[in-house]
Structures are given as structure tokens and as C-alpha cells.
Amino acid sequence: MTSHLNSTLRVAVAHHEPLIAAGIVQMLSEQADIHVRSAAACTTLCLGDADVAIVGHQTALRLMEASRNQPHPALVVMSREFHEGDPRVALRAGVRGYLTTRCPATELLDAVRSAAQGRSFLSRATAERIADSLAHDALTAREMVVLRSISAGLCNKSIASELGMAVGTVKTHVRSILGKLDATTRTEAMAIAMQRHLV
Amino acid sequence: MNAANAVAARLRVIVMHRDAIVAAGLATTLSEAAGLDVVWSAERGASTLAHDTVIVSDQKGGLEILARWTRDFAGTPRPKVLIVADELAEGDVREALRLGVLGYSTVDTPLEEIVDCTRAVGRGARYLGERVSRVMQAWSASEALTTRETDVLTLLARGLCNKSIAHELNIAIATVKTHLSSVLAKLAADSRCHAVALAARRGLV
């Protein structure tokens, strides 16, 4: 640990899953230079004067949206299961760290200390998933919506009326999805999407 | 908590969950509950097979313990295993119960449920978490797939077309179609793609 960091790091844990929150608090409470407390994640105000807050994915997005231009703690997301695009969305929103519940204690500590210093940190599992996604063409936001509709069992016609677009447009999106996923049928595309945690 | 009970029956609990954060959460939660003596262990030695102990583990770890017991210690009382699973998948729960797991809950559960589950398993009772039993009930209401239907669904989930499935299983295309319409009905799926998504979420393939 660097010697100039002699002040205590204040960490608020506001994860929505109690078991995960308890585990994070337990792990951080063993560190002499970290003061950790549980918090409700209602607003950034609840996080008080914390340097770093650890929250779930959705909470992070909500807090970043609500705290624009206001001082707020650096946010670290602790995610149990995430879709391929989730870390990117969170990082773009201003989140500092992205971890999964499978990460070892060392990664949790690295993430907290990096975030406190204004640096970003991805856990190994997150970095791997992002690296995998770079090997493929990314689906557009519209294509993702269509893919989710297919996974819910909707036919082209239902997707068209649901999304307020022409059936021809849906077909164009589906063709593009198949191309990007390197699939020859919709079912194959769905199989690949499930494997890659796209939906 | 009844004080006489607490004195009479202290329960030994070994937490050996794959995920360090979940393990830390389980160990803290259970240590704070009355009447439980918690050992936090990463080691999966034979001592964990004691039948007077509750072992709290993940899906894979819990099944490994029971497999080892079956292989090396069959005839002795079965270890009491509580699985706290990362995700809820029908196939996983069914397999766990079939192999003798007593308790099943999920990581996203309230802390009280973890404590209740541990105490019940300690008494040798079967105990499913609230969400586990609710979801299993909903799934049980639908008819189980036959082995052949599961074969067809597995290949469908790999992205194979009817013709390839027929070729792979050495059956007629018409038979594949019959199996698939039965699979769709049983899963209440609106399309082949829907069936693939549902099967993956339920852990059927």
C-alpha cells in the first residue's frame, strides 16, 4: 500500500442482495485502512460522504442518472450475472469498477482502491467477457430489442406491431442479427445468443 | 428462539461456497444466528462428511460431497447438504434433490431464509427456499419432457435444424416435428426460439 494514503477509505455497501452485501462488508471490514458500512441505495444522499459505494448494476445506472453534476462517491458494480453489453453501459454511465460475485477478495480490494483514486477496474471475469465481445460485431440497440423479442417467442409480425415498425424492417434487423452472430437460422441465432449471454 | 433449544442443540455448520463473497456473507450471517457454530472452510476434506454437520455449498460443491459420500462412505448416514445456488435452474434442483441434497436456496434470498434453511437441514428435514419452491411448483405444473424430447430440445438449443436433428438422432423428420410440437406445448413456448430461450433459463439442456 502506498504510504501517502494514510487516511481511511470510506466505503458504503448498498447492494440489493443481502447475502452479497453481508459478504462484501465482511471482506472489507478485515482491512485496516477501510471503513465500511451498509447503506440503503435510495439516493446518493444515503451514501453520505463515502469515497466509494458498491452497488448492483441497475442501482448504479439509477444513481449515475440522478447525480449528474453533483458530487457523489465513485461507484463499483457488483454483479451476479450480467449480459455481454452491461459493463460497457455501466462504464459509459460513469461507473468506475465492474466486478462479479465470483471475484476473489483481492479483486474487490483492488476495485475499491482504484475507484477511490479515480481509476477504473474490471474483474478478470468481466474483462474476459468484454474481450470475447470484441471478437464479434456488436449488435445495435435496436437489434438487441428485436433479439429479446425473438427470445420471448414473438414472430416477425408481433415484433413489428410491438416496436411500431414495418415487418420488412424487422426482417432486415433479423438478417443483420443472423449475419453478426454467424447463424443461418433464427433458432441457431437464439442458441448462440443464450451461450454468449446476450439476452 | 427458545433458550432451552439453543442450549440443547448447537449445530455445527461448514460453509464451503465456491464464491468467496457469498461464502463470507453466509459465514457472517450464520455466525450471528443463535445456536450455530460456523466453520468457514475452503478445504473439502473427509471431515466435511460428518452427518451431524450442515454443509452449505454451491451447486457443484454440494453434489461433489454427496458423490464422494456415495463412493467412499455409503452405509454411513448421509451428509446434510444445503445448496445456495447462484441461479435457479429446474434441472439443477431436480438433480440435487435426486442425489440427496436436503436444502436448496438461492444467493438472492433474504438472510432469514438462509438461517431457517440451515436449521431445518440440521434437523434432517428437507427445506426449499420460498422462491425455489414457488418456481419448482410452477414448473412441476407442466408435464415433464420424455428422454427423446429432451434429446431433440438439446440439439435444437445447439442451433440444429429439423433435418440435422433427424440425421443426428437417426429418426424421421416427421418424428422430429412431432417431438418438437410436444416440447413446445409442454414448455408453453410460442416458437422454436422461445423454446430454446426457456430451456436455457430453466436449465433443461
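In this predicted model, strand E3 (residues 53-57) and strand E4 (residues 80-85) of chain B run parallel and are joined by four bridges. Across this pair, B:Val56 stands opposite B:Leu82 in E4(B).

Now step back to the whole sheet. Six strands of chain B make up an open, parallel sheet in the order E2-E1-E3-E4-E5-E6. Strand E2 (36-40) and strand E6 (127-128) of chain B have a single partner strand each, so one side of each has no neighbour in the sheet.

| Helix | Strands touched or crossed | Angle |
|---|---|---|
| H2(B) | E1, E2, E3 and E4 of chain B | about 160° with E2(B) |

Next, let's look at where the chains meet. The contact involves 33 residues from chain B and 27 residues from chain A. About 2500 Å² is buried between chain B and chain A, with carbon and sulfur atoms giving 65% of that area. On the chain B side, B:Ile21, B:Asp86 and B:Cys193 lose the most area to chain A, together 26% of what that side buries.

Which kinds of link join the chains? There are three salt bridges between chain B and chain A, and four residue pairs are in polar contact. One salt bridge joins B:Asp108 to A:Arg80, whose closest N and O atoms are 3.8 Å apart.

Helices H2, H5, H7 and H10 of chain B each supply at least two residues to the side that touches chain A. The largest share, eight residues, comes from H2(B). Sorted by type, that side of chain B has 17 nonpolar, seven polar and nine charged residues.

Notes. Residues numbered from 1 in each chain as written. Chains lettered and ligands numbered in written order. Predicted model: local features only at pLDDT ≥ 70, side-chain atom pairs only at ≥ 80, totals over all residues. Heavy atoms only, no water. Contact = heavy atoms within 4.5 Å. Buried area = accessible area lost by both parts, 1.4 Å probe. Salt bridge = Lys/Arg side-chain N within 4 Å of Asp/Glu carboxyl O. Polar contact = N/O pair within 3.5 Å; in protein donor to acceptor, adjacent residues only side chain to side chain. Nonpolar A, V, L, I, M, F, W, Y, C, P; charged D, E, K, R; others polar. Pairing = 2+ DSSP bridges. Axes fitted to C-alpha atoms, helices over the stretch in contact; angles between N-to-C directions.
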